[in-house]
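Dear colleague,

Please find below the structure that I am handing over to you.

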Amino acid sequence: MRIVVVCGAGASSTFVAARIRRAAVSRGLPLEVAASGESQLATALVDADVLLVGAHLAGRLAAVHERAAAASVAVVLLPEDAAIGADPNDMLDLALASAEARS
């Protein structure tokens, strides 16, 4: 499974992706977790299963969702505190549940 975390420029998504990647490793889950900026979304969606979207992009979520749906990628809006305090296991669980619901 490939999870992509997207934010505006890619900085906070890199931090969030690293935290989720560590949570997956600690659970023994063979996942790929990548970060992307919104401007690279088309490339990031290739082979992705789940797109985790930074809360600051909530105003553009409909457009992001439309692009992800065209690529058959599930979309989850992350909580406001994803980059600073949210439990990475909770974010991983959101991604896993979204991917499972899509199957």
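**Findings**

Serine 13 has its place in helix α1 (residues 11-27); helices (H or I, at least four residues) and strands (E, at least two) are DSSP runs, numbered from the N terminus. The model is a predicted one, in which local features need pLDDT of at least 70 and side-chain atom pairs count only at pLDDT 80 or more, while totals for chains, interfaces and linings use all residues. Residues are numbered from 1 along each chain as its sequence is written, and side-chain values use heavy atoms, with hydrogens and water left out.

The pLDDT is the predictor's confidence in each residue, from 0 to 100. Its mean over the chain is 91, and 96% of the residues reach 70 or more. Among the elements, β3 has the highest mean (96) and α4 the lowest (90).

Is serine 13 buried or exposed? Serine 13 is buried, with a relative accessible area of 1%. Buried means under 20% relative accessible area, exposed over 50%, and partly exposed in between, with a 1.4 Å probe and protein chains only. Leaving aside neighbours within four places in sequence, serine 13 is in contact with Val5, Val6, Cys7, Ala35 and Ser36; contact means heavy atoms within 4.5 Å.

**The sheet**

An open sheet is formed by 4 strands in the order β2-β1-β3-β4, with parallel pairing. Two strands pair if DSSP finds at least two bridges between them. The edge strands, β2 (32-37) and β4 (74-77), each pair on one side only. From one strand to the next, the twist averages 25°. Strand β1 (residues 2-7) pairs with strand β3 (residues 50-53) over 4 bridges, and leucine 52 in β3 is the bridge partner of valine 5.

Helix α4 (residues 88-102) lies across β1, β3 and β4, and runs at about 150° to β4. Axes are lines fitted to C-alpha atoms, for helices over the stretch in contact, and angles run from 0 to 180 degrees between N-to-C directions.

**The nonpolar cores**

In soluble globular proteins, nonpolar side chains tend to be buried together. A nonpolar core is a set of buried Ala, Val, Leu, Ile, Met, Phe, Trp, Tyr and Cys residues joined through side-chain atoms within 4.5 Å. The largest core here has 20 residues, and those with the most contacts inside it are Ile3, Val5, Ile20, Val50 and Leu52. At least two residues of this core come from each of β1, α1, β3, β4 and α4, and α1 gives the most, with 5 residues. Apart from it lies another core, of 13 residues, among them Leu45, Ala48, Leu57 and Val64.

**The salt bridges**

How many salt bridges does a search of the whole structure find? The search finds 3; a salt bridge is a side-chain nitrogen of Lys or Arg within 4 Å of a carboxyl oxygen of Asp or Glu.

Arginine 2 forms one with glutamate 32, with the closest N and O atoms 3.1 Å apart. This pair links arginine 2 in strand β1 to glutamate 32 in strand β2, 30 residues apart. Arginine 2 is buried at 15% relative accessible area, whereas glutamate 32 is partly exposed at 44%.

Aspartate 93 forms another with arginine 27, at 2.8 Å between the closest N and O atoms. Because aspartate 93 lies in helix α4 and arginine 27 in helix α1, the pair ties together parts that are 66 residues apart in sequence.

The side chains of arginine 60 and glutamate 38 also meet in a salt bridge (2.8 Å, N to O).

Yours sincerely
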